[in-house]
Amino acid sequence: MSFKIQNYITINFNWKSSIYFLLAFVLFTPLGTVSHEAGHYLVAQRYFKKPTLHYGYVNYGEWKQQPEMDKWYSQHSDSDGQVYEEDIQTLEIYRKKAQRHGLYSTLAGPSQTILFGTIGFLLLFFNNSDKFKFKNWIAVYLAYFWSREVFIFLSLVITRLLTEQIPLQSDEVVIAYYLKIPLLLPAAIFGLLGIIVLTYTTFNKIPIEHRFTFIISGIVGSFIGFILWLRFLGPIIMP
């Protein structure tokens with residue numbers, strides 16, 4: 001069976017549909033960003049004092065057990081700040097616990113994004129109706145939450161190729177650092193899964209007459225939503 005691209009996409013741009021698609025992407029971009037950060041925030045509340053939720057990041061604040069650790073440290077170290085040899089194991093327990101709580105809080109962001117994306121994907125996967133209704137479009141935009149993982153993976157790979165370095169700012173790299181595994185591994189796993197989800201969603205579920213318009217509108221709408229939220233509205237609404 002030969003591959004025919006026209007079976008999967010037609011170069012047919014519908015201006016009217018593009019307006020709806022574009023506006024939806026502009027809306028879902030900040031929704032995806034804030035819900036991602038809310039995942040960090042909800043878990044950080046358990047382990048850190050007064051974390052704060054912002055437009056594109058979460059400030060964890062002080063680790064809840066830090067005062068306890070500081071008090072213990074002052075009682076089990078010499079005048080040079082060196083922990084007594086017999087107490088080093090206890091110090092490592094504190095440090096590992098702090099790292100573990102940081103890992104949980106960092107992992108919560110991608111987990112929330114992947115959860116919402118997977119819900120959308122499953123709603124589409126188990127939908128066998130011939131009619132594509134409004135609720136199906138909602139599921140499509142939820143499935144596209146996976147696009148964050150694809151973007152993170154590709155941006156890390158490109159940066160690595162161009163600079164021979166891996167930025168340490170993204171959640172996926174921080175997770176790898178905590179777990180002491182190759183820094184690109186979580187991003188690669190999530191990114192490849194995201195590519196599978198988005199490919200299936202786009203070329204198996206979205207009606208073929210809308211696919212080209214949807215893709216173009218998605219690229220433009222996501223860019224507009226990103227700039228609009230992270231550069232203008234976000235810092236004002238959620239500084």
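**Overall fold and the setting of Q65**

Among contacts in the protein chain between residues at least 6 apart in sequence, 64% link residues at least 24 apart, where contact means heavy atoms within 4.5 Å. The structure is a predicted model, in which local features need pLDDT of at least 70 and side-chain atom pairs count only at pLDDT 80 or more, while totals for chains, interfaces and linings use all residues. Residues are numbered from 1 along each chain as its sequence is written, and side-chain values use heavy atoms, with hydrogens and water left out.

The protein chain contains 8 helices and 2 strands, arranged along the sequence as α-β-β-α-α-α-α-α-α-α. Helices (H or I, at least four residues) and strands (E, at least two) are DSSP runs numbered from the N terminus. The C-alpha atoms fill a box of roughly 75 × 45 × 35 Å along the principal axes. The radius of gyration of the protein chain is 22 Å, whereas a compact globule of 239 residues would have one near 18 Å; the value is taken over C-alpha atoms, and the globule rule is 2.2 Å times the number of residues to the power 0.38.

Of the 239 residues, 39% are buried, a term that means under 20% relative accessible area, against over 50% for exposed and in between for partly exposed (1.4 Å probe, protein chains only).

A closer look at one residue follows. Q65 sits in the loop between β2 (58-59) and α2 (66-75). With a relative accessible area of 18%, Q65 is buried. Apart from neighbours within four places in sequence, Q65 is in contact with K97 and H101.
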